[in-house]
Amino acid sequence: LVSFPSPKVQAESMKLLIALMEGGNEYVQKCIYDYFIAEDCSTFFNTVQGLFKTGIIDTKDSRKVMKRIQERNSMDPEQRNRVSQFRASVVGLGAPSDSGFRGSVRNSIMGMEMPKPGDPALLEQQSVIRNGLFQDMLRMCQLMVEGHYHDMQELFRSQSHIQHATENYDIMAELMRYLDEVQPAVLDALSLTTDMITLQMPMLLNIAIQVLATILELIQGPCHSNVMAVAQSSFLNTAERLLFSCKYNREIDILKTDGVPKNTNIVQTQCTIKTLILSTYRALIEGTGIELSGDGVNPDAQVVARRMIEVLNYEAMMEEAAYIRDKCWEEWERNPLSDTDLHKRLLNLRSEALNYLFLTQELDMLDMKTSNTAKGDPKCANPYCAKYPRCNKYCLGHARLHTQALNQFFNGYTCAIEAQHAGKIEKVYFELTDHCRMKLRDMKWVERTKRVIFDVPRNNPKEKLEAMLDKIVLVLYTLKHERELYQRAYAYRDHNDSKSILTKSLNMFTTVFGGMWLLQDNVYSAVLGSPFLVSLLILCIMTISYDDGGEKWKNSAGWWSVLLLGWLQVLMCALATVLFLVKEAMIISFKERQSKGQEDPQRLLNVKEPIRWTRQTMWAVLYNYRFWFLLFLMLAAVLGATYSPFCFALHLLDFLVHSSAGSEVMQSARVGGPALGRTFLVGILVIVLYSIVSFVAFRDYLTMDRIAKEANEPPGGHYAPNFNTNQHCTTLYQCVGQHILNGLTGHIGSVFGDPVVEWFPWNQVPEGIDDYSSFQTRSMFIMSFFVIWGFLLSNIMTGQIVEAFTDIRNKKQSSQRDLAERCFVCSLERSEFEHNKSVGEFGFIHHVATEHNPLFYLYYLDYLLRVDETEYTGLEAVIAKSLKEKRGKRTDWMPVNCSLQVERQHWEMESKKDVASKQQEETVASIKFVDVTVKDMDRRITRIEEQIRGVQDSSNQILQVLKESGVLANLASQFISPEALAASNPAGL
């Protein structure tokens, strides 16, 4: 239907596809791709290419019309009227023609209302731009690759791998070509002084924005083939011209907002275009991290980086970022949690300025990975240049262009983490959310959050990261809850659909008190700790002024003070209970669901889903001990104010719950309590066993209590009936109870009377074993209990108490030692980074503070969960998908046993080894060549010597033959006299 000849059918079919794929629909995308693979897709891409060609023609036509209209507007009114009358007389009309595309554009510029794109009356016109068909086609192409659908991205560049494809169409090239054509029109529109570009060329501007968005979606992921196609095309030059043309006019207030619709304000349009271009720049160098295999950086990434460094104008980008920062800094700091149109514009401008800085930082990192030139500027403020003498690092200085104000802005509003994906590790810069930025300034919150995150088991690195992620998700849910409370305090929005009166009441209270100062962390902690302090003050006043509690005391100042503080205590306990429900009830419910693994973190942390009171939340609160403890304190406060002030003493138990010292005691009780309880149970059983033996064997020797004897009454007083004044063990129950009372203090001998007078009446040890055998047996029986209780059980329980505190201290010291000697995130040893420090890196302290800070991962997930899924980059999409995986795969993107600093150092060492190895190979090859050359020369010299000897032998033979034949003598006699011959040849030769 998209390829159908009728423009109406094409338009409606495109709208249908857009509606089906809006927001990202993987199933529809897969169906379309399968259809392209199974059928001939050439018709579809031919139609798309044809629309591009028609769009280029219409764009050129519209520019011509715009130039004529601008020339006409530049005339004086009288001259303009004469030209209009002349044109009307030429065409035979009484007025200028307003029909067709040129007339409609002119009408729009003259201030007349423009028909909306997609109007059926315009679909039959020749202009695909005017009827909205071209923009729908671009949007359809963008949605077909939404979510970084790699196979479809490749298909838009080439269809040659499809069996049924008869032709090959490069839609990527068509996009670049059209951007080149529309770029002058955008320059013309944005160069006008008016603030309302709706009256100039809205469709072409919207189409230019849509073209940039489509290009961005086609390369994100990254799709390396499309990235190379964009980098090697004219896109970078065209984009640089667009960036320059979108430079803010210094005479226009960029903070001005007059309620105009989207894309009608020139500042908003400029910001949108520049943000898309900067996002495309960053997408071109996405996924250019260091290979964990030690191969360094991909060669294609080096080509892209060099191409961008050649084209990009860093000075202009830094100037624009500095201008935005200077204009908006005060507004950014004034009200970070506002939700007005001005605040939204401020956020867009801040994102644009930060994208400039992100790009320079990422290109600097890429330069340092790929460049081998040893350069450095001693005046450079960049840390890599500062350490150049030690590490020979090369810094082109893109980040050098950051001024001190820009550095302050960059450090205050951004963070960076390291992530691994597809066998690479790379640094990811991101913008801090306003709520996280506020929390980052609260050092108490930072320290408390670190303690929460670090309190995880350290069995192995993977399990540690999984536990850390659970803690981070819990903190993120807390931040989300606080954010909603603040927002509800500023503007009430009813999110409650429940019919329950209690639920509605709780939601109403949460809405009203959400953003008030009572829910701030320090105030909330003070309210929770106030019952202990007020009760302590009440007890101090009672200690000073209370006598017998009679009427005299009730009329004193102490009584009135206690009464006033008592009702204040009731109010504080009630307030603490309500604040606990508002601030922590949702978090308790979340903890319960998280521990059961009922839902994935990304859905629970969805910022678009409000937090509501549910029945599950109420049950979670009812099962929480802190809720019942607060109710107990409130009941004690009511009893203390109405019945007896001594009930306030129960509030001293709050020390065990809300103080660090009490928490340590309770923690030791939880750690050593079970073993201590088992040992105590053994002690009770031993005492019961001894009491039974005493009752059976030594009942006649058990005496009554000495105090009772002296008072001539039984231990139970004169109210105890039928009490035997001679014995403690009249009944077995009485005997067991008396042994327990005395045995817990460590000696049951007091049950048998005085050890000296009653155990051994003669005040000495018997002379023989047979003397007083019953007394000796009883004494051995008592001393055996001393040994079992005093030396064994009592010391075992003491040792268990000490062991509990020792375990807690050892775990704490082990955690501190682990944090001091090992990175919490990547689990690499401190020595790895200290070794790198000696060759120019920053060392372990810098690594754990800035590179692998667990809080930065928390901030990154908070940023990620607040970004729309359709705007994710390739790495962000991977991380978001990992969060939905089962436990064990959620942290695959986190760096385990690897770090960018260490990997970069290893890669550089490997590069140096490769260079040295190549040099060694070249030297060996040269030596071999010289050796072969020398041997060859030796062989040649030997052959020459052999040839010379052969010539000499031949010459001697010839001379000998000539001598024997007498030829030489005849020759000599003819030319030389006999006397001269004899003188020169005495040997007669």
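Analyst: Leaving out residues up to four places away in sequence, Ile587 touches Leu474, Tyr477 and Thr478. The model is a predicted one.

User: Where is Ile587, and why is Ile587 called buried?

Analyst: Ile587 is in helix α25, residues 557-596. The cut-off for buried is under 20% relative accessible area; Ile587 has 11%, so Ile587 is buried. Ile587 and Thr617 are 30 residues apart in sequence, with their C-alpha atoms 9.0 Å apart in space.

User: Why is Leu179 called buried?

Analyst: The relative accessible area of Leu179 is 1%, and therefore Leu179 is buried, the limit being under 20%. Leu179 lies in helix α8. Neighbours within four places in sequence aside, Leu179 is in contact with Val211, Leu212, Ile215, Phe235, Thr238 and Leu242. One of these, Leu212, is 33 residues from Leu179 in sequence and 8.1 Å from Leu179 in space, C-alpha to C-alpha.

User: Why is Arg890 called buried, and which side chain does the side chain of Arg890 make a polar contact with?

Analyst: Arg890 has a relative accessible area of 7% and is therefore buried, as buried means under 20%. Arg890 is placed in the loop between α38 (874-883) and α39 (900-965). The side chain of Arg890 makes a polar contact with the side chain of Glu466 at 2.9 Å, where the limit is within 3.5 Å.

User: Why are α7 and α10 called oblique to each other?

Analyst: Helix α7 (residues 150-157) and helix α10 (residues 224-231) pack at an angle of about 40°, with axes 9 Å apart. Roughly parallel needs an angle under 35 degrees, and roughly perpendicular runs from 65 to 115. The pair is therefore oblique. Gln153, Glu154 and Arg157 of α7 make the contact with Ser225, Asn226 and Ala229 of α10. By class, this contact has 1 nonpolar, 3 polar and 2 charged residues.

User: Which residues of α10 are buried, and what do they pack against?

Analyst: Asn226, Val227, Met228, Val230 and Ala231 are the buried residues of α10. They pack against α7, α8 (171-190), α9 (202-219), α11 (235-245), α12 (266-284) and α13 (299-311).

User: How do you know that β1 and β2 are edge strands?

Analyst: The open sheet has 3 strands in the order β1-β3-β2, with antiparallel pairing. β1 and β2 each pair on one side only, and these are the edge strands.

User: What makes β1 and β3 a pair?

Analyst: Pairing needs at least two bridges, and β1 (residues 290-291) and β3 have 2, in the antiparallel sense. Glu291 stands opposite Lys424 in β3.

User: What makes β3 mostly covered?

Analyst: Of the 8 residues of β3 (residues 424-431), 7 are buried, that is, under 20% relative accessible area.

Technical notes
Residues are numbered from 1 along each chain as its sequence is written. This is a predicted model: local features need pLDDT of at least 70, side-chain atom pairs count only at pLDDT 80 or more; totals for chains, interfaces and linings use all residues. Side-chain values use heavy atoms; hydrogens and water are left out. Axes are lines fitted to C-alpha atoms, for helices over the stretch in contact, and angles run from 0 to 180 degrees between N-to-C directions. Helices (H or I, at least four residues) and strands (E, at least two) are DSSP runs, numbered from the N terminus. Angles under 35 degrees count as roughly parallel, over 145 as roughly antiparallel, 65 to 115 as roughly perpendicular and the rest as oblique. Contact means heavy atoms within 4.5 Å. Ala, Val, Leu, Ile, Met, Phe, Trp, Tyr, Cys and Pro count as nonpolar, Asp, Glu, Lys and Arg as charged, and the others, Gly among them, as polar. Buried means under 20% relative accessible area, exposed over 50%, partly exposed in between (1.4 Å probe, protein chains only). A polar contact is a pair of N or O atoms within 3.5 Å; within protein, one must be able to donate a hydrogen and the other to accept it, and residues adjacent in sequence count only if both atoms are side-chain atoms.
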